[in-house]
Amino acid sequence: SAEACIVRSDVCDEEFFSHAKKLKVLVRAGAGVDAIDLPAATNYGVCVQNTPGQNSNAVAELAFGMLLAHKRNHFDGNSGTEIRGSSLGLYGCGNVSRFMILAAQGFGMDIYAYDPFLTPDQIADLGAEPLYDVPSIFKCDVVSLHVPATRETKRSIDEKLLRSMPKGGILINTARKDIIQEADLLKALAERPDLSYLADDRVFQRWPREAS
């Protein structure tokens with residue numbers, strides 16, 4: 001009976017709209033609307049809105065916090081390793097990446113970014129060195145994903161990209177799990193125990209048992 005609804009990660013498909021007879025406005029608390037069937041919303045006369053940028057700093061802090069915790073062995077008493085001087089590659093250079101750049105600058109990281117919708121000058125103005133394709137990003141010590149789940153990005157992170165990462169490479173995903181081919185990820189982690197995958201829905205942690 002509601003006329004307005006706020007959702008976070010709920011799937012809003014044809015069935016959802018068929019039961020929401022009086023719904024007029026659906027607001028996604030976040031940027032991505034890939035879980036919302038937009039054609040169905042249109043058919044039922046529902047206006048869909050999102051809130052891009054509102055949680056960008058929070059997501060960046062989460063991503064960077066996971067990186068720090070991982071590099072410090074989750075503070076288990078071992079010394080871990082520093083991130084100063086290591087390279088950070090950002091796939092997508094939107095609102096979240098801009099906060100990632102600020103954090104990485106404070107820790108003395110070398111920052112690179114690729115975004116097909118920004119010019120090299122725009123990326124440079126944000127404080128990152130521009131790269132020109134996705135494979136180049138995966139040459140960095142740490143890769144952080146900040147792209148939506150689209151036709152071009154879904155399942156685009158495959159075994160070839162993962163295997164191309166340097167020794168001890170870390171992949172951070174606070175974007176969408178759909179952009180990674182999970183079978184390829186699991187295979188790469190099994191065959192390359194030096195690699196790590198950090199995400200807000202699942203975390204694979206790999207580090208030497210002995211103190212660094």
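**Exercise 1. What is the strand order of the open sheet of three strands, and which pairing does it have?**

*Solution.* Start with the order: the strands of this open sheet run β1-β2-β3, and the pairing is parallel. Strands here are DSSP runs of E with at least two residues, numbered from the N terminus, and two strands pair if DSSP finds at least two bridges between them. Next, look at the edges: β1 (4-7) and β3 (47-50) each have a single partner strand, so one side of each has no neighbour in the sheet. The twist from one strand to the next averages 20°, an angle between lines fitted to C-alpha atoms, taken from 0 to 180 degrees between N-to-C directions.

A word on the model: it is predicted, so local features need pLDDT of at least 70 and side-chain atom pairs pLDDT 80 or more, while totals for chains, interfaces and linings use all residues. Residues are numbered from 1 along each chain as its sequence is written, and side-chain values use heavy atoms, leaving out hydrogens and water.

**Exercise 2. How many bridges join β1 to β2, and which residue of β2 is the bridge partner of I6?**

*Solution.* Four bridges join β1 to β2 (residues 25-28). The partner of I6 is V27.

**Exercise 3. Is S86 buried or exposed?**

*Solution.* First, find S86 in the loop between α3 (56-71) and β4 (87-91). Its relative accessibility is 14%, so S86 is buried (under 20% relative accessible area; exposed is over 50%, partly exposed in between; 1.4 Å probe, protein chains only). Then check its surroundings: beyond neighbours within four places in sequence, S86 contacts M109, D110 and D141 (heavy atoms within 4.5 Å).
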